[in-house]
Amino acid sequence: MFSVLGGTINALIDSVFVSRSMGASALSAVNLSMPVYLVLCTLGALVSSGGAVLSAQAAGRDNMKKAAELYRTALTCSLLMGLLATLLGLLFLGPLAGLLAGRNSVRSGVEAYCRVTLAGGAVYVVSYIPLSYLQLEGKTAQISRMILLMVATDVALDYVLLYPLRMGLSGAALASVIAMLVSGAYGFIALEQGFSNYRFRRLRLNLRELGEIARYGSPAALGNLCDTGKLLALNTLILSAGGERAAALWAVLNTLSELSLVITVGVPRAGNAMLGVYFTARENSGIRTLVRLECVTGTICSCLFAVALAALAGPIGTLFRVSEPMLIPLLCLGLSVVVNTLCCVLETCFNAEGRNALSNVLVAQRRLVFPVAALFGISLLHGVLWLFLPVGGALALGFGLLIPAILSQASRKTKAPLSRVLLLDDTLTRENKVLDFSIPAHIEEACAAAERISDFCAFHGMDAKLVMRLGLSIEELINVIIAKSPEIESVDLRVFALEGTTGIRIRCAGRNYDPFEDEESDDDFLMGIHMLSKMADAAVHTFTLGTNTINIIFRRNENEQT
């Protein structure tokens, strides 16, 4: 969730300092400049999220070499795209400022803010890479430090550049660029420290991989583009319907809505990488567990956010120097956060499943079509303008549930019907070809788990002697894992029987520990593991997302297959 602050907190900090030091007119200039900032965030999100999803899928296939190559491709692409955005933006700065501000008096301020923002275009785009890949490494503490470092730097520089040095809007934009540079530099250093699958070696560009990165990153990028178009449309409609007072109030709401992305985007993104791993491995139970957790967590966080907005209506108005009543607009914003979070959970899940087109459609409806349509309709009816926020979100949620239901119903006529909401194929579970379960991290639970695995393998035709030895070895392996990582709370297990292959996967958190490469423990302690490595055709350990994953594969001969 903290990683999303990378794309929102700078604008919020700038808005507060600018409104306090330069007044409502300068705040409007920052708000009108937001589309440029969003385009840079679009490029960063496109490459980083697309590369991270593909790297997560490669990790799900235990191909960490491919995951690292995708990281280098994403880094190279983000650098090139950032430099190109800077070049084109500065070349066409005049027409761009005219498009954003028209002939209004704030045009010069918009041009000043955009000039510095565009000059730091590469910084903004590239800084998204460590935010995404630190998550893949399970280095969440480093992400928090990145954001805290960025916030502290931005606040300090905003104060210095706006007050003692009086650099105006250019100073506010420069503070954001430098803060992002410092934060991004720390992020790359954190990626290099300690255990890491994603170390920088050299730049790498693969055109085929770029296409895949763009496809999987398209929902995040499309969302930012839709936000750009939405902002332009809403600015025009609100100014026309409510005048300058409504426009000033909308500037505050828009700034706070950017902060709400910590919830609406941050909660789903927290599970995005693991969803990619689970989908590659066809672990539907894991997908459902994560989505359910995201919905519950997102609802709780967004309700708390809505309550906080209502309670702080007075102080918020004072902070931004807005004289209009703030309670009703802030309540509308808070309600919209609740429904938008649930919508974003669906969009993120479909993208991780590879249903990029469906995810893109839902993103466009939620972040552009329904908000603009709702505001247009309410303005025609002369209703409370700010109702467009929850109404647009509710329409998007209904649409997001309706389309999967239609696709699910259509799939009933096929051999692989899909679930109603998440469109998951449960054929393996229905045919008893896969077994997923979890156990508490207690040694006494290892025996029961080994028995369940042995029964499954025996049911699918594995040799009886091998099943007996396998049960004993798996029990010892689980015991070793629990003994070496006493801090873990549970162990996830999966057994599958597909196409002449029986596989066992053991997944748990804790420190990075490969039992097959353990040179510190004595042979008696690892006896079962040595036996298991000799029986198996393949035994692979990977460490990603802060999680140990052990995959053990047995090839069955024709006589053993059922």
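## Buried charge pair Arg204–Glu209

Arg204 and Glu209 are both buried (under 20% relative accessible area, with exposed over 50% and partly exposed in between; 1.4 Å probe, protein chains only). The two residues form a salt bridge, with 2.6 Å between the closest N and O atoms; the term requires a side-chain nitrogen of Lys or Arg within 4 Å of a carboxyl oxygen of Asp or Glu. Arg204 and Glu209 also belong to a salt-bridge network with Lys66 and Glu69.

## Basis of the model

The model is predicted: local features need pLDDT of at least 70, side-chain atom pairs count only at pLDDT 80 or more, and totals for chains, interfaces and linings use all residues. Residues are numbered from 1 along each chain as its sequence is written, and side-chain values use heavy atoms, with hydrogens and water left out.

## Other salt bridges

The whole structure holds 15 salt bridges. One of them joins Glu283 and Arg505 at 2.6 Å, N to O. This pair spans 222 residues, from the loop between helix H12 (272–280) and helix H13 (284–311) to strand E3 (residues 501–508); helices (H or I, at least four residues) and strands (E, at least two) are DSSP runs numbered from the N terminus. Both Glu283 and Arg505 are buried.

Arg494 and Asp436 meet at 2.7 Å, N to O. They lie 58 residues apart, Arg494 in strand E2 (residues 490–498) and Asp436 in strand E1 (residues 434–440). Arg494 is buried because its relative accessible area is 4%, while Asp436, at 26%, is partly exposed.

## Lys139

Lys139 sits in the loop between helix H7 (128–136) and helix H8 (140–162). Lys139 is buried but has no salt bridge, and the nearest side chain of opposite charge, Glu137, is 4.9 Å away; here Lys and Arg count as positive, Asp and Glu as negative, and His and the chain ends are not counted. Leaving out residues up to four places away in sequence, Lys139 has contacts (heavy atoms within 4.5 Å) that include Leu134, Ala190 and Phe195.

## Nonpolar cores

A nonpolar core is a set of buried Ala, Val, Leu, Ile, Met, Phe, Trp, Tyr and Cys residues joined through side-chain atoms within 4.5 Å. The largest has 120 residues, of which Trp250, Trp386 and Phe388 touch the most other members. Helix H2 (residues 24–60) supplies the largest share of this core, 19 residues. A second, separate core has 37 residues, among them Phe437, Met462, Val491 and Ile529.
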